[in-house]
Amino acid sequence: MSHKRIPKRKAAIAAGGVAALGAAAILLPNANASQDGASDAAAAAPKTLKAADASDLASQLSGLLGDAFAGSYYDAESQQLVVNVIPGDNNNVVVQAKKAGAKIREVENSLAELESGAQTLKAEATIPGTSWAVDPRTNKILVTADSTVTGDNWDQLESTVDSLGSGMATIKKSAGTFKTFLSGGDAIFAGGSRCSTGFNVTAGDGTPAFLTAGHCTLAGNEWSDAEGGQPIATVDQSTFPGDGDFALVKYDDPATEAPSEVNLGNQTVAISQAADAEVGLQVFRMGSTTGLSDGQVLGLDATVNYPEGTVTGLIQTDVCAEPGDSGGSLFTQDGQAIGLTSGGSGDCTVGGETFFQPVTTALEAVGATLGDAAGGGAGAGDEAGAGDEAGAGEEAGAGEEAGAGEEAGAGEEAGAGEEAGAGQDVGNGNADGTGNGLGEIVGNGVGN
């Protein structure tokens, strides 16, 4: 049986070296271990939860609370799930939510009101260079305008936000420009452009494939693992712009082995399941240009107005990214696949906003699953029902390695400076032949 793998990245993290070092230091096994040891007497007190358990609990409480549910977020410092509720006559569901382990916070804006506000923005302020997403921490819509939004466009955006009423939305200006992170260089190639793979999957017909950003496929239908090299994969399905930014790309050789992991160079992170994002969740991004970076989820169901068109249903974060990182994997330290890099503003020097396609939505849309079909891979939403009392406390499905989906990072030939830096196989060589030696440190911070 032949064995094809997109080569390990050997030249990437030059621009994002500091971010990669910080991210790797956090990626330690069991760093988010549950500390839930509450006694029966304190059963109604908020529980300390792993991020995965908090996401599961939030999903279940959304159904339990119904219209009273106004969003939720994960407080990483206290390791608690905070659930927003609209005050009402039925306190029974709130009591149940507290018993399940959530911290309850009364707020003014319902989800329906926030969603209505987002529809108003769509109708009256769909301007290139703008975005909006619901921020449950402020219980408002977070509206962002990049540096191109000026003059009449800025006045229109500001007027629309004001029309939503006091306390419904906030608006801020970004120093950068919203763009998709497509570029020419290394990693996976088509039409002279470079992107990054996200997660290897099993297509609906049982063949090996990978997910990447939909806008990447605008560059071409056939992709190779080396600039000018022979194609190794062909686009099967793609969405961009519109209801997402994702594509399913099938390996041309049906015997391709594609393990379910994110490749950090000389170490890997096993990917066990797909999971939905939760505001406040700590996440890590891997891309062929800037390597490993980390940050937090800031907003959900984000709408971004790129120059190419409007994309809806994205995840907003403060994780940096740069051209060539498009399509790269967003994941958690315990091996949950969260998103695919779409675009944003800024870079890994000054920071900025970055948007990701939710993996669960992409898997459902293309009919694929994470993992080897014979080994029981995790599909969209297969992280199912964790734990006690409406989903708290136990991590469901994690740790069951699905066996397909190597994060196929970047072109091997791009490894200038491999001899000069200690970071061989991690991608710290620079184009001028120098290396910043982060490889050993990154390797020490990540378990197999």
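Reader: Is the crossing of α2 and α3 left-handed or right-handed?

Author: The model is predicted, so local features need pLDDT of at least 70 and side-chain atom pairs count only at pLDDT 80 or more, while totals for chains, interfaces and linings use all residues. Residues are numbered from 1 along each chain as its sequence is written, and side-chain values use heavy atoms, with hydrogens and water left out. Helices are DSSP runs of H or I with at least four residues, strands are runs of E with at least two, and both are numbered from the N terminus. A crossing is left-handed if the near helix is turned anticlockwise from the far one by less than a right angle, and right-handed if clockwise; that of α2 and α3 is right-handed.

Reader: How are α2 and α3 oriented to each other, roughly parallel or roughly antiparallel?

Author: Helix α2 spans residues 51–65 and helix α3 residues 92–100; their axes come within 10 Å and cross at roughly 165°. Axes are lines fitted to C-alpha atoms, for helices over the stretch in contact, and angles run from 0 to 180 degrees between N-to-C directions. Angles under 35 degrees count as roughly parallel, over 145 as roughly antiparallel, 65 to 115 as roughly perpendicular and the rest as oblique. The two helices are therefore roughly antiparallel.

Reader: How many nonpolar residues has the contact of α2 with α3?

Author: Contact means heavy atoms within 4.5 Å. On the α2 side are Leu57, Leu61, Leu64 and Leu65, and they meet Val93, Val94, Gln96, Ala97 and Ala100 in α3. Ala, Val, Leu, Ile, Met, Phe, Trp, Tyr, Cys and Pro count as nonpolar, Asp, Glu, Lys and Arg as charged, and the others, Gly among them, as polar. By class, the contact has no charged residues, one polar and eight nonpolar.

Reader: Which residues does Val93 touch, not counting residues up to four places away in sequence?

Author: Val93 lies in helix α3 and is buried at a relative accessible area of 13%, where buried means under 20%, exposed over 50% and partly exposed in between (1.4 Å probe, protein chains only). From Val93 to Leu64 there are 29 residues in sequence and 6.8 Å in space, C-alpha to C-alpha. With residues up to four places away in sequence left out, Val93 touches Leu64 and Leu65.

Reader: How many charged residues are in the contact of α4 with α5?

Author: Helix α4 (residues 111–124) packs against helix α5 (residues 151–163) at an angle of about 155°, with axes 10 Å apart. That makes α4 roughly antiparallel to α5. Thr120, Leu121 and Glu124 in α4 meet Gln156, Thr160 and Val161 in α5. The residues of this contact divide into two nonpolar, three polar and, in the charged class, one.

Reader: What arc do the buried residues of α6 cover around the axis?

Author: In helix α6 (residues 359–366), the buried residues are Val359, Thr360, Ala362, Leu363 and Val366. They lie on the same side of α6, because the arc they cover is only 165°. The arc is that of the directions from the helix axis to the C-beta atoms. An α-helix has 3.6 residues a turn, so residues three or four places apart point the same way.

Reader: Is Asp301 buried or exposed?

Author: Asp301 is found in strand β19 (residues 291–306). Its phi is positive, about 50°, although it is not a glycine. With a relative accessible area of 56%, Asp301 is exposed.

Reader: What is the relative accessibility of Asn139?

Author: Asn139 lies in the loop between β4 (130–135) and β5 (140–145). Not a glycine, Asn139 still has a positive phi of about 60°. Asn139 counts as buried, at a relative accessibility of 5%.

Reader: Which peptide bond is cis, with omega near -15°?

Author: The place of Pro241 is in the loop between β13 (231–239) and β14 (246–251). The cis bond, with omega near -15°, runs from Phe240 to Pro241.
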